[in-house]
Amino acid sequence: MKCARLAVAIAVSIAVFAAANATNVLAADASLDYDYYKSRVEPIFLTRRPGHARCATCHVDANNAFKLQKMSVKKDVAWSEEESRKNFTLASSLVTPGNPDKSHLLMYPLAPEAGGSTYHSGGRQFDTKNDADWKTIAAWVNGAKLKPAAEKK
Ligand code: HEC
């Protein structure tokens, strides 16, 4: 009896240990890069897409989970560094690193025919996963980084 309990306890600790390790590996493979976010992803939220309002128009100070900061310095044009950092934290919480298809930020505004959500009040901002902006956000989710300045020519 005692022995069986011990065996269960050991099995549980092994499972917990394995799960913790798996999470570490994932995080290391696809960490979310702030510089890439700031220069490539965030501008998408400010750009008007044909036939649609800008993400920022509805999502600044929104009452849903995708709540972007108010632009205090350059109103409606750009976020300050501090505001972008907060947006980064928020956007990061809406994605699954390494898995664009499990990322709310990407699936919500995607057309249902392409696998996205039927319910987005902000419309089908991305018709397919081949949309250039969709791909940019997906690359960020997959761990894309900006090249260090020295490598740019
Ligand atoms: C016309 C207004 C509007 C625009 C433009 C818009 N959205 Fe939305 N979005 C909403 C509303 C309202 C919701 C709340 C849920 C709903 O009603 O769909 C929402 C929900 C979301 C959610 C889910 C948040 C949650 O609660 O989990 C995400 C992610 C999102 N939008 C991303 C975007 C992105 C990215 C863009 C731009 C490419 C965008 N939205 C453009 C109105 C908009």
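Reader: Is D61 buried or exposed?

Author: The general idea is to count neighbours: a residue is buried if 20 or more other C-beta atoms lie within 10 Å of its own, exposed if 12 or fewer, and partly exposed in between, with C-beta atoms placed from the backbone. D61 is exposed because it has 9 other C-beta atoms within 10 Å. This is a predicted model, in which local features need pLDDT of at least 70, side-chain atom pairs count only at pLDDT 80 or more, and totals for chains, interfaces and linings use all residues. Residues are numbered from 1 along each chain as its sequence is written.

Reader: Where is D61 found?

Author: D61 sits in the loop between α3 and α4 (81–93). Helices are DSSP runs (H or I, at least four residues), as are strands (E, at least two), and they are numbered from the N terminus. The backbone of D61 has a positive phi of about 60°, although D61 is not a glycine. D76 also lies in the loop between α3 and α4, and D76 has a positive phi of about 65° without being a glycine. With 11 C-beta neighbours inside 10 Å, D76 therefore counts as exposed.

Reader: How many helices and strands are in the protein chain?

Author: The protein chain has six helices and zero strands. Read along the sequence, its pattern is α-α-α-α-α-α. Of its 153 residues, 17% are buried.

Reader: How do α2 and α6 cross?

Author: Start with the axes, which are lines fitted to C-alpha atoms, for helices over the stretch in contact; angles run from 0 to 180 degrees between N-to-C directions. Here the axes of α2 (residues 34–46) and α6 (residues 132–141) come within 10 Å and cross at roughly 145°. On the α2 side, the contact is made by Y36, Y37, R40, V41 and I44, and on the α6 side by D133, T136, I137 and W140. Two residues are in contact if their C-beta atoms, placed from the backbone, lie within 7 Å. By class, this contact of α2 with α6 has six nonpolar, one polar and two charged residues. In that scheme Ala, Val, Leu, Ile, Met, Phe, Trp, Tyr, Cys and Pro count as nonpolar, Asp, Glu, Lys and Arg as charged, and the others, Gly among them, as polar.

Reader: Which residues is K145 in contact with, beyond four places in sequence?

Author: Those residues are D33 and Y36. K145 and Y36 are 109 residues apart in sequence, yet 5.5 Å apart in space, C-alpha to C-alpha. K145 is placed in the segment after α6, and K145 counts as partly exposed because it has 13 C-beta neighbours inside 10 Å.

Reader: What surrounds the ligand?

Author: A residue is near a molecule if its C-beta atom, placed from the backbone, lies within 6 Å of it. Here 19 residues surround the ligand, and the closest are C55, C58, A65, S121 and G122. The largest share of this shell, four residues, comes from α3. The shell divides into ten nonpolar, nine polar and no charged residues.

Reader: Where does pLDDT stay under 50?

Author: pLDDT is the predictor's confidence in each residue, from 0 to 100. It stays under 50 over residues 20–28. Where pLDDT is low, the predicted coordinates should not be read in detail. The protein chain averages a pLDDT of 85, and 78% of the residues score at least 70.
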